[in-house]
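Visitor: I have a structure to go through with you. Can we start with the terms and then get to the residues?

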Amino acid sequence: AWRLDATGERIGRPIGHGELLYAGPAMLAAASTVPYYGLGLRAFPFAEKAQGMMQVRVAARIDVSTLLLNLPRIWSGDFAHEGLLDFHADRVALRFDRPMPLQVGGDAEGWRDEVTFGMAANPVEIVDFGERAAA
């Protein structure tokens, strides 16, 4: 895994298998291989910057007023804040001190105190709406 800066570039040393990415309170912990969550919300702006990796995003401590004042920048994927932590990883385990609501693709999937996200060993591209498909 790698820690990412506010522009999506790798910073620091690589984070090895089993090393801790973050410990502390989190308003949100999520992962994706595509930049958009839905309705044009660019929640994972660095998701496609590293082949074979997903973007892991943790919103640690961000004041609600800061979030409200920055809604347009959050929506476009341009929001940066010291409490917003981004990583590229091929596998992560999230552990919480109590059950938290889990969503997969926006659908409620119950409550979990642990969940693991990982990249498939042999991914398959099902649908491509990008420029390659239009050519």
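Guide: A term to begin with: a residue is called exposed when its relative accessible area is over 50% and buried when it is under 20%, with partly exposed in between. By that cut-off aspartate 97 counts as exposed, because its relative accessibility is 73%. Note that this is a predicted model.

Visitor: What does the side chain of aspartate 97 meet in a salt bridge?

Guide: The partner is arginine 98, and the N to O distance is 3.4 Å.

Visitor: How many salt bridges does the structure hold?

Guide: Five. One of them joins aspartate 86 and arginine 57, whose closest N and O atoms are 2.6 Å apart. Aspartate 86 belongs to strand 5 (residues 84-89) and arginine 57 to strand 4 (residues 54-59), so this pair ties together parts 29 residues apart in sequence.

Visitor: Is aspartate 86 buried or exposed? And what about arginine 57, buried or exposed?

Guide: Aspartate 86 counts as buried, at 5% relative accessibility. Arginine 57 is buried as well, with a relative accessible area of 9%.

Visitor: Which salt bridge involves glutamate 114?

Guide: The one with arginine 95, at 3.6 Å from N to O. Arginine 95 is in strand 6 (residues 91-104) and glutamate 114 in strand 7 (residues 107-118), so the pair links parts that are 19 residues apart in sequence. Arginine 95 counts as exposed at 60% relative accessibility, whereas glutamate 114 is partly exposed at 39%.

Visitor: Why do such side chains pair at all?

Guide: Side chains of opposite charge can pair when their charged atoms come close.

Visitor: What is the overall charge count in the protein chain?

Guide: There are 13 positive and 17 negative side chains. The centres of the two sets lie 4 Å apart.

Visitor: What does the C-alpha trace span?

Guide: About 45 × 35 × 35 Å along the principal axes of the protein chain.

Visitor: And what share of the residues is buried?

Guide: Buried residues make up 27% of the 135 in the protein chain. The protein chain exposes about 9400 Å², and carbon and sulfur atoms supply 55% of that area.

Visitor: Contacts next. Taking those between residues at least 6 apart in sequence, what percentage joins residues at least 24 apart?

Guide: In the protein chain that figure is 56%.

Visitor: Where does proline 101 lie?

Guide: Proline 101 lies in strand 6 and is exposed, with a relative accessible area of 55%. Leaving aside residues up to four places away in sequence, proline 101 touches Gly110 and Trp111. Proline 101 and valine 34 are 67 residues apart in sequence and 21 Å apart in space, C-alpha to C-alpha.

Visitor: Last topic, backbone angles. Which residue has a positive phi although it is not a glycine?

Guide: Leucine 39, with a phi of about 55°. Most residues other than glycine have a negative phi. Leucine 39 is found in the loop between strand 3 (28-32) and strand 4, and it is exposed, with a relative accessible area of 82%.

Methods: Residues numbered from 1 in each chain as written. Predicted model: local features only at pLDDT ≥ 70, side-chain atom pairs only at ≥ 80, totals over all residues. Heavy atoms only, no water. Buried < 20%, exposed > 50% of the residue type's maximum accessible area, 1.4 Å probe, protein only. Contact = heavy atoms within 4.5 Å. Areas by Shrake-Rupley, 256 points an atom, 1.4 Å probe, with all protein chains shown as cover. Lys, Arg positive; Asp, Glu negative; His and termini not counted. Charge placed at Lys NZ, Arg CZ, Asp CG, Glu CD. Salt bridge = Lys/Arg side-chain N within 4 Å of Asp/Glu carboxyl O. Helix = DSSP H or I, 4+ residues; strand = E, 2+ residues; numbered from the N terminus.
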